Amino acid sequence: MTGSVDLEHKAPRPRIWAIGGGKGGVGKSVFSTGMAMTLAQKGERCIMLDADLGGANLHTFLGMSHPGRTLSDLFRNQSLGLKDILLSTPFENLWLISGARAMLDMANPSYLQKMKVIRQIFSLNADHIFIDLGAGSAFNVLDFFLAAHEGVVVVMPTPTSIENAYHFLKAVYYRKLRKVVRELKVERLIDAALSAKVKSGIRSPRDLMIDLQHRDPIIGEQIVRAMMPFRPRLIVNQVQRNEDRDLGKKIALACRDFFGIEMTVPGLIRTDERVLMALKSRRPVLEMFPNCPFAEDVRRIAQQMTRVRR
Ligand SMILES: Nc1ncnc2c1ncn2[C@@H]1O[C@H](COP(=O)(O)OP(=O)(O)OP(=O)(O)O)[C@@H](O)[C@H]1O
Ligand SMILES: [Mg+2]
């Protein structure tokens, strides 16, 4: 079932989205599928990449049975590229790169295997690529999140989901900072700031940035500037109660105070029993119930998020 469409000639770079959130079961996969279906229905060529390497199941959300080639094949076979494992889906303008089969060795690919995937994503010829991430904050998850143009964090209005989302954001922030510092070759400046952490009152990444700017205004400014594009978007999913409607804004404000980053909140998604009904029928929600609250909310968010290219 490998896609026969030529998706790898020179064309505008695709816009790459990564959907994470730290916690399992918050709706990363249903949201990724909803976004991809929405844009595919508008005629934009979309590829979904199942990067939940330990528990890949995007094919089920798309109503596909056992996928042919998967990332496992790519990891095993040097000569295969991402375009060789691209699968057609039952839907127009939508292709799938299926995640690794549930095998322990494949859940943790080597650095080189991961970089091969990340590098090749950019050469696929599509309008949008949605990377559906697994739960947790392992380096593999963080690196896919940081490689994308747009990072989207999905959170549910439960204490554990909120806690995991903060943990995920913190982990991804420091992973990005580490990369920036390495690229600018200023490890010593950060080390000095961190070892004087308590004395200089550093409690958060935001304090760290302020301290760095005092220590060395030029390099400090370079670091702040390099961190600026880090502006994940936040989606609150499974909203049921009125008091949860402001949760996204509250988390964004807390992130501004703690990290000094501006997160945007493109919208919320209501709890909708049709999500589970569609999943049980192995059909995408947007295809089975195109006018349900979930579909409406996802379409509104897709419109909001694709309006401005940042
Ligand atoms: N808006 C919603 N309304 C009702 N149910 C929902 C909604 N969003 C997600 N769900 C349900 O939550 C469950 C988990 O969704 P999903 O598999 O997308 O989560 P996930 O974050 O991708 O999980 P994992 O980390 O395990 O991959 C599904 O059974 C789905 O039916
Ligand atoms: Mg998932």
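This is a short tour of a predicted model, stop by stop. Local features here need pLDDT of at least 70, side-chain atom pairs count only at pLDDT 80 or more, and totals for chains, interfaces and linings use all residues. Residues are numbered from 1 along each chain as its sequence is written, while chains are lettered from A and ligands numbered from 1 in the order in which they are written.

Start with ligand 1. Select its shell, the residues with a C-beta atom (placed from the backbone) within 6 Å of the ligand: you get 19 residues, the closest being Gly24, Gly27, Lys28, Ser29 and Val30. Helix 1, strand 7 (233-239) and helix 12 (273-280) each give two or more residues to that shell; helices are DSSP runs of H or I, at least four residues, and strands are runs of E, at least two, numbered from the N terminus. Colour the shell by type and you'll find eight nonpolar, eight polar and three charged residues (Ala, Val, Leu, Ile, Met, Phe, Trp, Tyr, Cys and Pro count as nonpolar, Asp, Glu, Lys and Arg as charged, and the others, Gly among them, as polar).

Next, go to serine 72 in helix 3 (residues 71-76). Serine 72 counts as buried because it has 20 C-beta neighbours inside 10 Å (20 or more is buried, 12 or fewer exposed, in between partly exposed; C-beta atoms are placed from the backbone). Now pick arginine 101: its C-alpha atom is 6.2 Å from that of serine 72, though the two are 29 residues apart along the chain.

Last, select isoleucine 131. Leaving out residues up to four places away in sequence, isoleucine 131 touches Ile16, Trp17, Ala18, Ile19, Leu49, Ala51, Phe144 and Ala148 (contact means C-beta atoms, placed from the backbone, within 7 Å).

Key:
Two residues are in contact if their C-beta atoms, placed from the backbone, lie within 7 Å.
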